[in-house]
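Subject: Structure handover

Hi,

Here is the structure you asked about. Please open it alongside this note.

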Amino acid sequence: MKIGIYPGSFDPITNGHLDIIERASKICDKVIVSVLENPSKNPMFTLQERVKLIKKVLESYDNVEVDCFSGLLVDYAKKHDAQAIIKGLRAVSDFEYEFQMALMNRKLSPEVETIFLMTSSKHSYLSSSLVKEVAKFGGCIEGLVPQIIGNAILEKL
Ligand code: PNS
């Protein structure tokens with residue numbers, strides 16, 4: 001069974017993330033979307049809120065699970081018998097940091113492969129931070145996040 005981990009902060013999950021998850025679900029037998037527990041960040045949504053919202057958004061996917069993790073990603077991947085870490089690549093600006101992380105993860109755990117999926121062009125400018133900023137200043141975020149996430153952002157604001 002091919003298991004892929006799709007890790008991230010997902011504060012909140014966007015349509016760009018969903019595109020990657022949907023495509024990963026077609027190449028892996030199981031995808032685990034795992035939300036990083038990072039006490040040093042000051043997120044809009046708590047870890048529990050993010051996990052709950054993502055579960056709702058992904059409820060129609062039979063081979064996608066939602067979980068959370070802390071500590072090293074490769075340790076989490078090994079614990080779940082995952083062969084691959086799935087990452088989305090938006091632009092050249094993502095590449096340097098992602099390349100560095102992929103090489104570090106390979107150094108730590110050569111048996112876990114990192115697979116990059118190129119983002120769809122219509123999502124290439126999208127990020128959780130930009131969505132939050134646009135929403136904060138009253139801009140329209142329709143089409144950028146699932147409806148349920150849009151509602152949750154507006155409630156927070
Ligand atoms: O959505 P993000 O914030 O870009 O996701 C970053 C994430 C969670 C993929 C990255 O911070 C991570 O893997 N953190 C776990 C800690 C770890 O394993 N660090 C070493 C990686 S080189």
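Which residues line the second largest pocket? They are Ala135, Gly139, Cys140, Ile141, Glu142, Gly143, Val145, Pro146, Gln147, Gly150, Asn151 and Leu154. Bear in mind that this is a predicted model.

That second largest pocket has a volume of about 170 Å³. Helix α6 (residues 147-156) supplies the largest share of its lining, four residues. By class, the lining splits into six nonpolar, five polar and one charged.

Now the largest pocket. It holds about 1,200 Å³ of space. Its lining counts 40 residues, and Pro7, Gly8, Ser9, Glu98 and Met101 are the closest to its centre. The most comes from α4, with nine residues. The class count for the largest pocket is 15 nonpolar, 17 polar and eight charged.

On to the cysteines. The whole structure was searched for disulfides, and the count is zero. Take cysteine 68: the nearest cysteine sulfur belongs to cysteine 28 and is 20 Å away. A disulfide needs the two sulfur atoms within 2.5 Å, so cysteine 68 is in no disulfide.

Are these side chains buried or exposed? Cysteine 68 is partly exposed, at a relative accessible area of 31%. Cysteine 140, listed above in the lining of the second largest pocket, is exposed, at 59% relative accessible area.

Best wishes

Note on methods
Residues numbered from 1 in each chain as written. Predicted model: local features only at pLDDT ≥ 70, side-chain atom pairs only at ≥ 80, totals over all residues. Heavy atoms only, no water. 1 Å grid on protein atoms, 1.4 Å probe; cavity = no way out; pocket = protein on both sides within 12 Å on 5 of 7 lines; lining within 4 Å. Points joined across faces, edges and corners; volume = space filled by probe spheres on them. Helix = DSSP H or I, 4+ residues; strand = E, 2+ residues; numbered from the N terminus. Nonpolar A, V, L, I, M, F, W, Y, C, P; charged D, E, K, R; others polar. Buried < 20%, exposed > 50% of the residue type's maximum accessible area, 1.4 Å probe, protein only.
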